[in-house]
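Trainee: Please take me through a structure feature by feature, giving me for each one the general idea and then the case at hand.

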Amino acid sequence: MFNFFKKQPKEILDCLGYFEIKPYHYFESNMTYAKNDLVLKNEFVKVYTRLYKSTIFVFTFVENEKGFKKDQYNYEALKDKIDAIITEEHKAVINLIVFKNNTEETVKIAKETVVNTKKEFNQTFVYDAEKIRLKYYRPVPSFYSLYNHYAEAMMFDLGAIDLEAR
(Lines give C-alpha, C1' and ligand atoms only; values in the text may rest on other atoms or scores of the structure.)
Protein backbone atom coordinates (compact mmCIF):
# COMPACT_ATOMS: atom_id res chain seq x y z
CA MET A 1 0.00 0.00 0.00
CA PHE A 2 2.70 2.53 0.94
CA ASN A 3 5.42 1.61 -1.53
CA PHE A 4 6.98 5.06 -1.36
CA PHE A 5 8.44 4.12 2.04
CA LYS A 6 10.30 1.20 0.49
CA LYS A 7 13.82 1.93 -0.60
CA GLN A 8 14.08 1.53 -4.35
CA PRO A 9 16.93 -0.69 -5.56
CA LYS A 10 19.85 1.29 -6.95
CA GLU A 11 20.04 1.15 -10.73
CA ILE A 12 23.16 -0.52 -12.07
CA LEU A 13 24.55 1.75 -14.78
CA ASP A 14 26.55 0.82 -17.85
CA CYS A 15 27.99 4.34 -17.85
CA LEU A 16 29.60 6.73 -15.38
CA GLY A 17 26.43 8.83 -15.11
CA TYR A 18 23.57 10.40 -17.01
CA PHE A 19 21.35 13.44 -17.32
CA GLU A 20 17.61 13.19 -17.68
CA ILE A 21 16.70 14.91 -20.92
CA LYS A 22 13.89 15.56 -23.39
CA PRO A 23 13.59 13.27 -26.44
CA TYR A 24 16.40 13.67 -29.00
CA HIS A 25 14.29 15.45 -31.60
CA TYR A 26 13.93 18.42 -29.20
CA PHE A 27 17.62 19.32 -29.41
CA GLU A 28 17.21 21.29 -32.62
CA SER A 29 14.41 23.41 -31.17
CA ASN A 30 16.48 23.86 -27.98
CA MET A 31 19.30 25.25 -30.12
CA THR A 32 16.89 27.70 -31.74
CA TYR A 33 15.42 28.74 -28.39
CA ALA A 34 18.88 29.34 -26.91
CA LYS A 35 19.80 31.38 -30.02
CA ASN A 36 22.60 29.05 -31.08
CA ASP A 37 23.88 29.56 -34.61
CA LEU A 38 24.09 26.69 -37.07
CA VAL A 39 27.72 26.20 -38.12
CA LEU A 40 27.53 23.01 -40.15
CA LYS A 41 24.79 20.64 -41.26
CA ASN A 42 24.93 17.49 -43.35
CA GLU A 43 23.40 14.01 -43.30
CA PHE A 44 25.81 12.94 -40.54
CA VAL A 45 26.13 15.89 -38.13
CA LYS A 46 24.71 19.24 -37.08
CA VAL A 47 27.00 21.70 -35.31
CA TYR A 48 25.74 24.74 -33.41
CA THR A 49 27.57 27.47 -31.50
CA ARG A 50 26.83 30.24 -29.03
CA LEU A 51 28.81 32.70 -26.92
CA TYR A 52 28.05 32.83 -23.21
CA LYS A 53 30.04 35.04 -20.81
CA SER A 54 33.21 34.89 -22.94
CA THR A 55 32.87 31.13 -23.44
CA ILE A 56 32.13 29.60 -26.83
CA PHE A 57 29.81 26.61 -26.74
CA VAL A 58 30.15 24.11 -29.60
CA PHE A 59 27.35 21.52 -29.80
CA THR A 60 27.78 18.63 -32.23
CA PHE A 61 24.81 16.33 -32.80
CA VAL A 62 25.85 13.12 -34.53
CA GLU A 63 22.96 11.59 -36.45
CA ASN A 64 25.09 8.90 -38.10
CA GLU A 65 28.42 7.91 -36.57
CA LYS A 66 29.73 6.13 -39.67
CA GLY A 67 33.19 7.56 -40.35
CA PHE A 68 32.88 10.08 -37.48
CA LYS A 69 36.16 11.62 -36.35
CA LYS A 70 35.89 13.47 -33.05
CA ASP A 71 38.79 15.81 -33.82
CA GLN A 72 36.92 17.28 -36.82
CA TYR A 73 34.04 18.60 -34.69
CA ASN A 74 35.38 20.92 -32.04
CA TYR A 75 36.22 24.61 -31.85
CA GLU A 76 39.78 24.15 -33.07
CA ALA A 77 38.71 22.21 -36.18
CA LEU A 78 35.83 24.59 -36.98
CA LYS A 79 37.57 27.79 -35.83
CA ASP A 80 37.23 29.67 -39.13
CA LYS A 81 33.50 28.92 -39.45
CA ILE A 82 32.76 29.68 -35.79
CA ASP A 83 34.85 32.87 -35.73
CA ALA A 84 32.95 34.08 -38.78
CA ILE A 85 29.75 33.81 -36.71
CA ILE A 86 31.05 34.84 -33.27
CA THR A 87 33.28 37.86 -33.63
CA GLU A 88 33.40 38.82 -29.93
CA GLU A 89 36.45 37.98 -27.86
CA HIS A 90 36.31 34.72 -25.95
CA LYS A 91 38.40 33.21 -23.17
CA ALA A 92 37.21 29.60 -23.04
CA VAL A 93 35.57 26.84 -25.08
CA ILE A 94 33.15 24.04 -24.24
CA ASN A 95 32.87 21.27 -26.86
CA LEU A 96 29.90 18.92 -26.39
CA ILE A 97 29.17 15.98 -28.67
CA VAL A 98 25.86 14.10 -28.57
CA PHE A 99 25.48 10.79 -30.38
CA LYS A 100 21.94 9.91 -31.41
CA ASN A 101 22.65 6.18 -31.63
CA ASN A 102 23.58 4.09 -28.62
CA THR A 103 25.98 1.59 -30.22
CA GLU A 104 29.27 -0.05 -29.30
CA GLU A 105 31.04 2.40 -31.61
CA THR A 106 29.49 5.52 -30.03
CA VAL A 107 30.16 4.25 -26.51
CA LYS A 108 33.79 3.55 -27.49
CA ILE A 109 34.16 7.13 -28.76
CA ALA A 110 32.48 8.52 -25.62
CA LYS A 111 34.96 6.60 -23.45
CA GLU A 112 38.01 8.09 -25.19
CA THR A 113 40.24 10.16 -22.95
CA VAL A 114 39.76 13.91 -23.35
CA VAL A 115 41.80 16.87 -22.19
CA ASN A 116 39.95 19.31 -19.95
CA THR A 117 41.66 22.46 -18.74
CA LYS A 118 40.66 25.75 -17.15
CA LYS A 119 40.05 27.14 -20.65
CA GLU A 120 38.67 24.16 -22.57
CA PHE A 121 36.12 21.53 -21.60
CA ASN A 122 35.20 18.48 -23.69
CA GLN A 123 32.44 15.94 -23.10
CA THR A 124 30.78 13.28 -25.23
CA PHE A 125 27.30 11.92 -24.59
CA VAL A 126 25.36 8.97 -25.94
CA TYR A 127 21.60 9.38 -26.16
CA ASP A 128 19.64 6.54 -24.58
CA ALA A 129 16.33 6.46 -26.46
CA GLU A 130 14.89 3.78 -24.20
CA LYS A 131 15.25 5.76 -20.97
CA ILE A 132 15.37 9.28 -22.51
CA ARG A 133 18.71 10.36 -21.07
CA LEU A 134 22.19 11.45 -22.04
CA LYS A 135 24.79 9.00 -20.80
CA TYR A 136 28.38 10.02 -20.21
CA TYR A 137 31.46 7.89 -19.68
CA ARG A 138 34.11 10.42 -18.65
CA PRO A 139 34.11 12.32 -15.33
CA VAL A 140 32.86 15.90 -15.20
CA PRO A 141 35.47 18.11 -13.49
CA SER A 142 33.29 20.31 -11.29
CA PHE A 143 36.29 21.99 -9.62
CA TYR A 144 37.02 24.18 -12.68
CA SER A 145 35.25 27.54 -12.82
CA LEU A 146 34.25 26.54 -16.37
CA TYR A 147 31.90 23.97 -14.79
CA ASN A 148 29.26 26.68 -14.25
CA HIS A 149 29.25 27.41 -17.97
CA TYR A 150 29.02 23.67 -18.66
CA ALA A 151 25.97 23.54 -16.36
CA GLU A 152 24.45 26.44 -18.35
CA ALA A 153 24.97 24.50 -21.58
CA MET A 154 23.39 21.38 -20.09
CA MET A 155 20.34 23.08 -18.58
CA PHE A 156 19.59 25.89 -21.03
CA ASP A 157 20.91 24.66 -24.37
CA LEU A 158 20.46 20.90 -24.07
CA GLY A 159 17.43 21.04 -21.76
CA ALA A 160 18.71 18.64 -19.11
CA ILE A 161 15.96 18.15 -16.57
CA ASP A 162 18.21 17.26 -13.65
CA LEU A 163 21.91 18.01 -13.25
CA GLU A 164 22.23 15.56 -10.38
CA ALA A 165 24.66 12.97 -11.69
CA ARG A 166 23.41 9.45 -11.05
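Mentor: A pocket is searched for on a 1 Å grid over the protein atoms alone, as an open set of points where a 1.4 Å probe fits, with protein on both sides within 12 Å along at least five of seven lines, and its lining residues have an atom within 4 Å of a point. Points are joined across faces, edges and corners, and the volume is the space filled by probe spheres set on them. This is a predicted model, in which local features need pLDDT of at least 70 and side-chain atom pairs count only at pLDDT 80 or more, whereas totals for chains, interfaces and linings use all residues. Residues are numbered from 1 along each chain as its sequence is written, and side-chain values use heavy atoms, with hydrogens and water left out.

Trainee: How much space lies in the largest pocket, and which residues lie nearest its centre?

Mentor: The largest pocket holds about 190 Å³ of space, and of the 13 residues that line it, Lys70, Asn74, Val114, Glu120 and Asn122 lie nearest the centre. Strands here are DSSP runs of E with at least two residues, helices are runs of H or I with at least four, and both are numbered from the N terminus.

Trainee: What is the make-up of that lining by class?

Mentor: The lining has 4 nonpolar, 6 polar and 3 charged residues, where Ala, Val, Leu, Ile, Met, Phe, Trp, Tyr, Cys and Pro count as nonpolar, Asp, Glu, Lys and Arg as charged, and the others, Gly among them, as polar.

Trainee: In what order do the strands form the sheet?

Mentor: Strands of a sheet pair through backbone hydrogen bonds, either parallel or antiparallel; two strands are taken to pair if DSSP finds at least two bridges between them. In this model 7 strands form an open sheet with mixed pairing, in the order β1-β7-β6-β5-β4-β3-β2. Its edge strands, each pairing on one side only, are β1 (17-20) and β2 (37-41). Neighbouring strands are turned by 25° against each other on average, direction ignored.

Trainee: Where do the bridges of β2 lead, and how many are there?

Mentor: The strand β2 runs antiparallel to β3 (residues 45-52), and 4 bridges join them; in this pair Leu38 has Tyr48 as its bridge partner, and Asp37 has Thr49. The two strands form a hairpin with 3 residues between them. On its way to the next strand, β3 pairs with β4 in the antiparallel sense over 8 bridges, with Leu51 opposite Ile56. The hairpin of β3 and β4 has 2 residues between the strands, and Lys53 takes a positive phi near 45° there. Ser54, in the loop between β3 and β4, has a positive phi near 65° although this residue is not a glycine.

Trainee: Is β3 mostly covered or mostly open?

Mentor: Mostly covered, since buried means under 20% relative accessible area, exposed over 50% and partly exposed in between, with a 1.4 Å probe and protein chains only, and 7 of the 8 residues of β3 are buried. Ser54, by contrast, is counted as partly exposed because its relative accessibility is 28%.

Trainee: Which strands does helix α4 lie across?

Mentor: Axes are lines fitted to C-alpha atoms, for helices over the stretch in contact (heavy atoms within 4.5 Å), and angles between N-to-C directions run from 0 to 180 degrees. Helix α4 (residues 147-157) lies across β1, β3, β4 (55-62), β5, β6 and β7 (133-136), and runs at about 50° to β4. Its buried residues include His149, Tyr150, Ala151, Ala153, Met154 and Asp157. After α4 comes Gly159, with a positive phi near 70°.

Trainee: Why does Leu146 count as buried?

Mentor: Leu146 counts as buried because its relative accessibility is 7%. This residue lies in the loop between β7 and α4, and among the residues touched by Leu146, beyond those up to four places away in sequence, are Thr55, Ile94, Glu120 and Phe121. Leu146 and Glu120 are 26 residues apart in sequence, and their C-alpha atoms are 8.0 Å apart in space.
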